[in-house]
Amino acid sequence: MKSLQVNDMDENLVKTLERIAASLEKVAENQAQRSLTTPAPMPQSSSNCFVFDATENSLLPIERLACPDLSLLKGIDRARETLFANTKRFAEGFNANNALLWGARGMGKSTLVKSIFKDLVNSGNSDLKLVEIHREDIIRLPSLLNMIKSAEGYYIVFCDDLSFNRPDRDFKALKSVLEGGLEGRPENVIFYATSNRRHLLPRAMMDQESATGINPNEAMDEVIALSDRFGLWLGFHPCDQAEYLSMIDGYFGAFNIQADQSEWEAEALEWSKTRGSRSGRTAWQFFNDYAGKKSLKISF
């Protein structure tokens, strides 16, 4: 008799929790819909760089963008030239493509986006804006575009380390924005994303789809269909020893630091061995450590 009562209580509790969950989901959907139909006002700021606050549906101005000069980015010449030309055309009001920067960790994918933006703004492209959206907020991307599509200027919407742990929501939101919706992408907006994976989804998730899907090829086709919406695929690969040392040498020159080259090169190679990699990030970390040991203060 007691077991029956307990089972009845469990069943009632489950139904109650399901009703609460359904109600909360409906409230969230209504709030999202309102944000899409009623754009938030643009911030009154002299800044041209922002972070999207999904909670408040607003843009937070960034007063100082920390990134190296474009000339200091070594070992990625082709990607640098291609993305620079694409961004410059966009800033001048001409056709340009969404871009996916994928590949090796620490090779300057996100830094390249910021450095190109900084270079173009410093060159007189004052109408160019940069807006970062966090990957966990991708579902709010339509709301962000609704906010800036009528604003003055040209907007690079940037998502660093893009991947989809909730593909049922995030994947569809981005897919519809990248030229797939009825309205298409606003003419004053371009979308840049970085990822360690060419096809964006985590490997474990793709393996799971292949193992459980009725037709594994269908899951892969959907993933590739999203990647195909990026007109530019720019690959970043691990640098060799000469490129690694060239990156560090560029920092010495940029900050006008005099040092014995044979000495710091030996230290830099040892540093890369302890880190287990050679990359732009490793090069900067070594130089930062070297400057600190010499009682120097450096920053971009």
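Which residues have the most contacts inside the largest nonpolar core? I started my notebook with that one.

**Ground rules.** I am working with a predicted model, so I note that local features need pLDDT of at least 70, side-chain atom pairs count only at pLDDT 80 or more, and totals for chains, interfaces and linings use all residues. Residues are numbered from 1 along each chain as its sequence is written, and side-chain values use heavy atoms, with hydrogens and water left out.

**Overview.** I find 10 helices and seven strands in the chain; helices (H or I, at least four residues) and strands (E, at least two) are DSSP runs, numbered from the N terminus. Of the 300 residues, 40% are buried (buried is under 20% relative accessible area, exposed over 50%, partly exposed in between, with a 1.4 Å probe and protein chains only).

**Cores.** Back to my opening question: Leu83 and Leu112 have the most contacts inside the largest nonpolar core, which has 44 residues. Helix 8 (residues 241-254) gives the most to this core, with six residues. Apart from it I see another core, of 27 residues, including Ile138 and Phe230. A nonpolar core here is a set of buried Ala, Val, Leu, Ile, Met, Phe, Trp, Tyr and Cys residues joined through side-chain atoms within 4.5 Å.

I then looked up Leu83 and left aside its neighbours within four places in sequence: among its contacts are Leu112, Ile116, Tyr192 and Leu234 (contact means heavy atoms within 4.5 Å).

**Aromatics.** My search of the whole structure gave 15 aromatic pairs. Rings of Phe, Tyr and Trp (its six-membered ring) pair if their centres lie within 6.5 Å; planes under 30 degrees apart count as stacked, over 60 as edge-to-face and the rest as tilted. I picked Phe252 and Phe287: their ring centres are 5.0 Å apart and their planes at 80°, so the pair is edge-to-face. This pair links distant parts of the chain, with Phe252 in helix 8 and Phe287 in helix 10 (residues 280-293), 35 residues apart. Phe252 counts as buried at 4% relative accessibility, and Phe287 is buried at 0%. Both belong to one aromatic cluster that also includes Trp264, Trp284 and Phe300.

**Helix 4.** Is this helix mostly covered or mostly uncovered? I find helix 4 (residues 141-148) mostly covered, with seven of its eight residues buried. Ser143 and Asn146 are among those buried residues.

**A residue in helix 1.** Last, I checked Ile20, in helix 1 (residues 2-37). Ile20 counts as partly exposed because its relative accessibility is 45%.
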